[in-house]
Amino acid sequence: MKRRTVAAAAFVAALGLSVLNAPTAQAADTGIIVSDLVINDNGKSIVVGTTKRVYPTFTFNLTLPAGYSTADPFRYDVFVYLYHGDLKGKAVRDGENIIPPGGTTCYERDAKHARCEGELFIDPHPTKYSVDSNSDATTWKTAIGLTLFTRDDQLKTHETETRPYTVQLKRAARTTTNATPEPVSKGKKVTVTGKVTRANWGTKKYDAYSGRIVSLQFRAKGAKTYKTLKKATSNGTGNLKTTVTAGVDGYYRWVYYGNSTTGSATSTADYVDVR
């Protein structure tokens with residue numbers, strides 16, 4: 001089985017040649033067929049923080065048109081990418097509302113067919129292809145760039161296909177937990193505090209997230225699962241506070257389940273010894 005890899009740099013070049021920079025009427029049908037596209041575990045939300053680069057995966061099947069064969073390297077390029085807004089809009093043309101591929105590798109099954117996989121590239125730092133505004137926490141649409149070259153590696157045709165497939169991009173959230181006193185006498189009160197914050201893509205910091213309903217969970221020492229004890233709402237500074245009655249040794253944690261623009265978050269557990 002042969003393998004063919006396309007780097008992200010080629011995507012930038014292909015994007016400049018695409019219908020994003022030309023009237024739709026000039027787009028030529030490449031004849032390449034892309035099917036069975038799956039992005040980030042079949043549409044699972046993509047969660048991005050303030051510093052770490054994120055590489056959501058994708059897979060698809062590819063069929064080449066008549067006159068082209070997988071035996072001829074560098075004869076075709078296929079790029080999957082995300083965008084929001086209008087494909088003809090200036091922000092998309094300039095790469096501002098684009099999430100590009102980090103790379104694509106195609107495993108050729110026969111002379112006409114290949115199974116391809118790759119990853120998208122999301123950088124929360126202020127670069128051209130980045131999330132730099134909280135408004136980017138929205139539904140992103142899918143497009144595929146298809147390019148064919150002649151035998152002497154000259155561009156023959158290029159087109160962009162939009163797909164109904166969408167992916168939700170979300171801001172990362174964080175929670176913390178502190179349970180006191182430690183140790184505590186059985187039957188006495190345990191005060192559990194914490195805080196919930198979420199990524200601000202404009203400032204590259206985590207801001208207090210107020211008005212969030214967060215679950216306090218407990219796992220007894222030796223047990224395998226957590227149980228929800230009660231819920232609390234974060235105040236104006238994102239802080240959480242509640243009390244429970246100490247029964248047995250165990251671990252407390254806060255869990256936020258997220259929403260349409262923000263990912264879920266589970267704090268590190270805090271152990272309390274009951275005497």
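Author: A disulfide is a pair of cysteine sulfur atoms within 2.5 Å. The model here is predicted, so local features need pLDDT of at least 70 and side-chain atom pairs count only at pLDDT 80 or more, while totals for chains, interfaces and linings use all residues. Residues are numbered from 1 along each chain as its sequence is written, and side-chain values use heavy atoms, with hydrogens and water left out.

Reader: Thanks! What makes Cys106 and Cys116 a disulfide?

Author: Their sulfur atoms are 2.1 Å apart, and the limit is 2.5 Å, so the pair counts. The count of disulfides comes to one. Cys106 lies in strand β7 (residues 101-108) and Cys116 in strand β8, so the bond ties together parts that are 10 residues apart in sequence. Strands here are DSSP runs of E with at least two residues, numbered from the N terminus.

Reader: Which hand does the link of Cys106 and Cys116 have?

Author: The link is right-handed, with 105° about the S-S bond. Both Cys106 and Cys116 are buried, where buried means under 20% relative accessible area, exposed over 50%, and partly exposed in between (1.4 Å probe, protein chains only).

Reader: Why is the pair of Asp123 and Arg53 called a salt bridge?

Author: The term asks for a side-chain nitrogen of Lys or Arg within 4 Å of a carboxyl oxygen of Asp or Glu. The closest N and O atoms of Asp123 and Arg53 are 3.3 Å apart, so the pair passes. Asp123 sits in the loop between β8 (113-120) and β9 (139-149) and Arg53 in the loop between β3 (46-48) and β4 (57-63), so parts 70 residues apart in sequence are tied together.

Reader: How do you know whether Asp123 is buried or exposed?

Author: Its relative accessibility is 2%, so Asp123 counts as buried. Arg53, at 43%, counts as partly exposed.

Reader: How many salt bridges are there by this rule?

Author: Three. Among them are Glu161 with Arg163 at 2.6 Å, N to O, and Asp273 with Arg275 at 3.0 Å. Arg275 has a relative accessible area of 67%, so this residue is exposed, and Asp273, with 23%, is partly exposed.

Technical notes. Helix = DSSP H or I, 4+ residues; strand = E, 2+ residues; numbered from the N terminus.
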